[in-house]
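I opened a new page for this chain.

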Amino acid sequence: CNHFFVLCCPHTATMPHSFGYRARTRYLFSKDFRQHGMPTVSTYLVPYKKGDFVDIVADPAIQKGMPFKYYHGRTGIVWTVNPRSVTVLVNKRVRHRIMRKKLCIRTEHIRLSRGQEEFKARVRHNEEVKRTGKGRRIKREPEQPRGQMTVPRKFQEEIPLGMKKFVYTEEFDY
């Protein structure tokens with residue numbers, strides 16, 4: 001049996017199964033076409049404040065301060081700000097509970113989250129309406145049912161509803 005040969009012979013042509021820190025990240029930690037190289041200066045000049053929402057996106061060009069692959073693409077809240085790194089609070093589901101994890105990540109691997117832009121713009125607009133009294137307050141509402149309408153009649157005579165008498169014919173053999 002071929003499976004028996006693979007299990008018994010240590011010197012087979014298959015690769016060993018690795019469980020390293022960056023295992024199975026060949027495409028996860030790769031950059032797009034013509035986007036390779038070191039990060040731009042603007043990456044380092046972003047001011048982070050405590051309480052900001054940030055997205056964790058690992059930059060494979062910088063290995064220092066890189067988060068574990070599980071946190072790639074997750075969103076967290078800035079807990080503390082250090083000269084070269086930021087501590088981020090991230091929720092992680094472990095079996096039946098959600099744990100808050102503190103991750104020390106360098107600033108190359110995070111970016112400000114855009115998930116609250118719409119909410120902040122709505123709050124700003126509502127505050128301005130409250131202050132000036134002009135305009136209408138914006139409140140998110142679920143999609144309402146369609147308005148009232150009448151369906152035009154295609155036939156002039158009324159169509160009676162109800163049971164019709166069954167007439168047996170010789171044409172169809174039931």
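**Strands and sheet**

I looked up Val 54 and found that its bridge partner in β2 is Gly 76. The two strands concerned, β1 (residues 53-56) and β2 (residues 75-81), are antiparallel and joined by 3 bridges. I noted the rule that two strands pair if DSSP finds at least two bridges between them. The elements are DSSP runs numbered from the N terminus: helices are H or I with at least four residues, strands are E with at least two.

Before going on I wrote down that this is a predicted model, where local features need pLDDT of at least 70 and side-chain atom pairs count only at pLDDT 80 or more, while totals for chains, interfaces and linings use all residues. Residues are numbered from 1 along each chain as its sequence is written, and side-chain values use heavy atoms, with hydrogens and water left out.

I then listed the elements of the chain, which has 3 helices and 5 strands. Read from the N terminus, they run α-α-β-β-β-β-β-α.

In what order do the strands stand in the sheet? I found β4-β3-β2-β1-β5, an open sheet of 5 strands with antiparallel pairing. β4 (97-106) and β5 (110-112) have a single partner strand each and stand at the edges, so one side of each has no neighbour in the sheet. On average, neighbouring strands are turned by 45° against each other, direction ignored; the axes behind this angle are lines fitted to C-alpha atoms.

**β3 and β4**

I went on to β3 (residues 85-94), which is joined to β4 by 10 bridges, and the two run antiparallel. One entry here is Val 90, whose bridge partner in β4 is Lys 101. The hairpin of β3 and β4 has 2 residues between the strands, and Arg 95 takes a positive phi near 55° there.

Arg 100 lies in strand β4. Is Arg 100 buried or exposed? I read 53% relative accessibility, so Arg 100 counts as exposed. The cut-offs are under 20% relative accessible area for buried, over 50% for exposed, and partly exposed in between (1.4 Å probe, protein chains only). Of the 174 residues in the chain, 18% are buried.

**Aromatic pairs**

I found 2 aromatic pairs in the structure. Rings of Phe, Tyr and Trp (its six-membered ring) pair if their centres lie within 6.5 Å; planes under 30 degrees apart are stacked, over 60 edge-to-face, and the rest tilted.

Tyr 21 is in the loop between α1 (2-8) and α2, and Phe 68 in the loop between β1 and β2, so the pair ties together parts 47 residues apart in sequence. Tyr 21 is exposed at 55%, whereas Phe 68 is partly exposed at 29%.

For Tyr 70 and Tyr 71 I noted centres 5.0 Å apart and planes at 90°, so this pair is edge-to-face. Tyr 70 is partly exposed at 25%, and Tyr 71 is buried at 6%.

**Helix α2**

My last entry is Tyr 44, which sits in helix α2 (residues 41-44). With 41% relative accessibility, Tyr 44 counts as partly exposed.

Technical notes. Axes fitted to C-alpha atoms, helices over the stretch in contact; angles between N-to-C directions.
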